[in-house]
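Let's take a walk through this one together, from single side chains out to the whole fold. Have the sequence and the model open side by side as you read.

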Amino acid sequence: MLRGNMEFLQWSCDDVARWIESLGFPQYKACFTENCITGRKLIYVNCIYMPRLGIRDFKDMKVICAGVRELLGITETPWSRNIADPPRDSMGLFLEKKSRTGELADNLTYQQFLDDMHPSERHESQQ
């Protein structure tokens, strides 16, 4: 069972559309339903992707992106990010894994994801 703050992963396209409406954008509900954007796919909704959904007003895009980041509990990736920078936040990486379909993604928990990310730390703590 998912914890309270991960319920959005189970959202249907209609649930996402209702959430978009609650942000104050009823005019974009069809953009999300017609493009089959479920809760699992929200990780991919950003200002680069939104014009493909039919959302072209940049002010609206910024508000929606901020709402998505808040809902998902992830931080904004800086545009100037260098590959030498530390890895992205683990929640964003986890949600990318959960966005996939199939039994592995369905059963993956955040703790399992963290354990898989840092297996050497787990082994060191067991010694």
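Is Asp15 buried, partly exposed or exposed? Asp15 counts as partly exposed, since its relative accessibility is 25% and the buried class ends under 20%. Keep in mind that what you're looking at is a predicted model.

Asp15 is a handy place to begin, as it has a charged partner. Arg18 forms a salt bridge with Asp15, and the closest N and O atoms sit 2.4 Å apart. Both residues belong to helix H1 (residues 13-22), and because they are three residues apart there, about one helical turn separates them. Arg18 is partly exposed too, with 47% relative accessibility.

How many salt bridges does a search of the whole structure find? It finds two, and the other pairing joins the side chains of Glu21 and Lys29, at 3.4 Å from N to O. Glu21 has a relative accessibility of 36%, so it counts as partly exposed. Lys29 falls into the partly exposed class as well, with a relative accessible area of 29%. As a general point, side chains of opposite charge can pair when their charged atoms come close.

Now step back and look at the fold. The protein has eight helices and zero strands, so reading along the sequence gives you the pattern α-α-α-α-α-α-α-α. Out of 127 residues, 30% count as buried. As for contacts between residues at least 6 apart in sequence, 46% of them join residues at least 24 apart.

Next, the inside. The largest nonpolar core has 28 residues, and the ones with the most contacts inside it are Phe32, Ile64 and Leu95. The elements giving two or more residues to this core are H1, helix H2 (29-34), helix H3 (50-53), helix H4 (58-72) and H5. H4 gives the most, with five residues.

Pick out Leu95 and see what surrounds it. Setting aside its neighbours within four places in sequence, Leu95 is in contact with Met6, Phe8, Leu9, Ile43, Leu72 and Ile74.

Then find Val45, which lies in the loop between H2 and H3. Is Val45 buried or exposed? Val45 is buried, with a relative accessible area of 4%. Beyond its neighbours within four places in sequence, Val45 is in contact with Phe32, Ile37, Met50, Cys65 and Val68.

Last stop: a pair of helices. The axes of H5 (residues 90-98) and H7 (residues 110-117) come within 10 Å and cross at roughly 110°. Why call H5 and H7 roughly perpendicular to each other? Angles from 65 to 115 degrees count as roughly perpendicular, and the crossing at roughly 110° therefore puts H5 and H7 in that class.

Where they touch, H5 brings Ser90, Met91, Leu93, Phe94 and Lys97, while H7 brings Tyr110, Phe113, Leu114 and Met117. Sort the residues of this contact by type and you get seven nonpolar, one polar and one charged.

Key
Residues are numbered from 1 along each chain as its sequence is written. This is a predicted model: local features need pLDDT of at least 70, side-chain atom pairs count only at pLDDT 80 or more; totals for chains, interfaces and linings use all residues. Side-chain values use heavy atoms; hydrogens and water are left out. Axes are lines fitted to C-alpha atoms, for helices over the stretch in contact, and angles run from 0 to 180 degrees between N-to-C directions. Helices (H or I, at least four residues) and strands (E, at least two) are DSSP runs, numbered from the N terminus. Angles under 35 degrees count as roughly parallel, over 145 as roughly antiparallel, 65 to 115 as roughly perpendicular and the rest as oblique. Contact means heavy atoms within 4.5 Å. Ala, Val, Leu, Ile, Met, Phe, Trp, Tyr, Cys and Pro count as nonpolar, Asp, Glu, Lys and Arg as charged, and the others, Gly among them, as polar. A salt bridge is a side-chain nitrogen of Lys or Arg within 4 Å of a carboxyl oxygen of Asp or Glu. Buried means under 20% relative accessible area, exposed over 50%, partly exposed in between (1.4 Å probe, protein chains only). A nonpolar core is a set of buried Ala, Val, Leu, Ile, Met, Phe, Trp, Tyr and Cys residues joined through side-chain atoms within 4.5 Å.
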